[in-house]
Amino acid sequence: MVKLKTVSQLEVFKNRKSILANPLPFHSENFKKYGDTFRVKVGPWQNIVFTKNPEIVLQVLQKQHKKFRKSPLQTKDLAKYIGHGLLTAEGDHWRAQRRMIQPAFHRKKLAGLLSTMQVAIKEELGQIKANETIDVFPLMGDLAFQVVARSLFSHSDIRDKMRKLQYITETNQKMLIREMRQPYLKWWFQLSGQISKHLQYSEDSRQLLNGLIEERIGLERERDDLLDMLLKATYEDGTHMSRQQLIDEVLILFTAGHETTANALSFTLFLLASHPEIQEKVFKEIQLNVSPEKDLMEWISALPYTQQCIEEAMRLYPPVYVIDRMAKEDMIIADINFLEGSLILMSVYELHRHPDFWQDPESFKPERFDKSGKKEMGSYYYPFGAGPRMCIGNSFALYEMILTLVEILSKYKVQSVTEKVELIPLISLKPKEIKLNFVKRNNS
């Protein structure tokens, strides 16, 4: 049996400021010191197991997933702000919701949303001015938020309401990160009224969404958008979601559905701008395969190299950079003893750069993801998670990202002004800023 090395509580406390700002260097340093799996002591009775061992990740997320559950970080701490939907629910409640919502994200249903997505993308990218330097991260954030908004609520102009909702989701996320990384200040967050203030923000967002749902129900004709699909969806006994549950699911679609895509798009654009020869290859693929005579799903299917660039960007900068689970029982995996209640943090960021599984892991090489190499990557590539709890919106996000790259790269060459991206790991992995120049192409 392997005895794991332990990072002491004192070491965590000494590094508390840097961990709060960005825990990734602390993780990386300890993986180098202690190997692919180690413990971190965060309290008198609490240990966390950190791992980038692909066998452990495979067992936890797929082969023995029934022996694990999501941690209270999601089922309680995150849920208090965004409710008990697919991302935060557990057990029978999660299974019932997954079965009900899954059909809305099937390929055929998503094909009907592509033109709506494209309209939102074009509108947001209309803000770009040629030959100006802009930070693309806020632009991609607005774009991804509006794509989700239009896909859910296609019937009205809700831009102002969406700005308020976007502000609330981003503000509450920052508060949650402070609670998670500074547990010793929990008493102060309660006493100072900060938690109650952010809970009120959450209530405001729920009331906003409830008003939009009421407006939809009052319409006489149906709309073939995500909200219609959720309103029509039924459980096995034929009943519909309660209003509270519907709002929970919509909040989670906004929270999880926009920021991971915004992050991935920002990093992809940065990498393409930093590798002009790869960017030119994507442009040529778009030129050859995108035309008004083809429908949007045909575009997407005809752009494999464009998709490979996105997949490689998500390897280097996975939006979900860490996945947590708690053991429901004692067990042994990879010769390591996991006790019931053990919290396991699986570092997707470290696994995606593991030199044992990736040749030249720090380099941007989209060719890794051609069809011949994809199969063997299944046990060490997790951009959308894995197993039964794999992200339900993975195809939605991928289609959105491909359509966005088509729209940008067919009109502009992107040139990087930012040499190295400063990372901000919150709930998802964000860039601090990514400044790019957009040079108008002669053909557009």
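**Helices, a sheet and salt bridges in a predicted model**

The structure is a predicted model, in which local features need pLDDT of at least 70 and side-chain atom pairs count only at pLDDT 80 or more, while totals for chains, interfaces and linings use all residues. Residues are numbered from 1 along each chain as its sequence is written, and side-chain values use heavy atoms, with hydrogens and water left out.

Helices (H or I, at least four residues) and strands (E, at least two) are DSSP runs, numbered from the N terminus. Helix α4 spans residues 54–63, and seven of its ten residues are buried. Its N-terminal end is capped by N53, of which a side-chain oxygen lies 2.8 Å from the backbone nitrogen of E55. Helix α20 (residues 394–409) is also mostly covered, with 14 of its 16 residues buried. From first to last C-alpha, α20 reaches 22 Å, close to the expected 22 Å, where the expected span is 1.5 Å times one less than the number of residues.

T261 is located in helix α14 (residues 243–274). Because its relative accessible area is 2%, T261 counts as buried. Beyond its neighbours within four places in sequence, T261 is in contact (heavy atoms within 4.5 Å) with A144, A397, E400 and M401.

An open sheet is formed by three strands in the order β5-β13-β10, with antiparallel pairing; two strands pair if DSSP finds at least two bridges between them. The edge strands, β5 (133–135) and β10 (412–416), each pair on one side only. Three bridges join β5 to β13 (residues 435–440), and T133 stands opposite N437 in β13. Helix α14 packs on this sheet and touches β10 and β13; its direction makes about 85 degrees with that of β10 (axes are lines fitted to C-alpha atoms, for helices over the stretch in contact, and angles run from 0 to 180 degrees between N-to-C directions).

A salt bridge is a side-chain nitrogen of Lys or Arg within 4 Å of a carboxyl oxygen of Asp or Glu. By this rule there are 22 salt bridges. R99 and E236 form one of them, at 3.9 Å from N to O. This pair links helix α6 (residues 91–101) to the loop between α13 (226–232) and α14, 137 residues apart. Both R99 and E236 are exposed.

Technical notes: Buried < 20%, exposed > 50% of the residue type's maximum accessible area, 1.4 Å probe, protein only. Polar contact = N/O pair within 3.5 Å; in protein donor to acceptor, adjacent residues only side chain to side chain.
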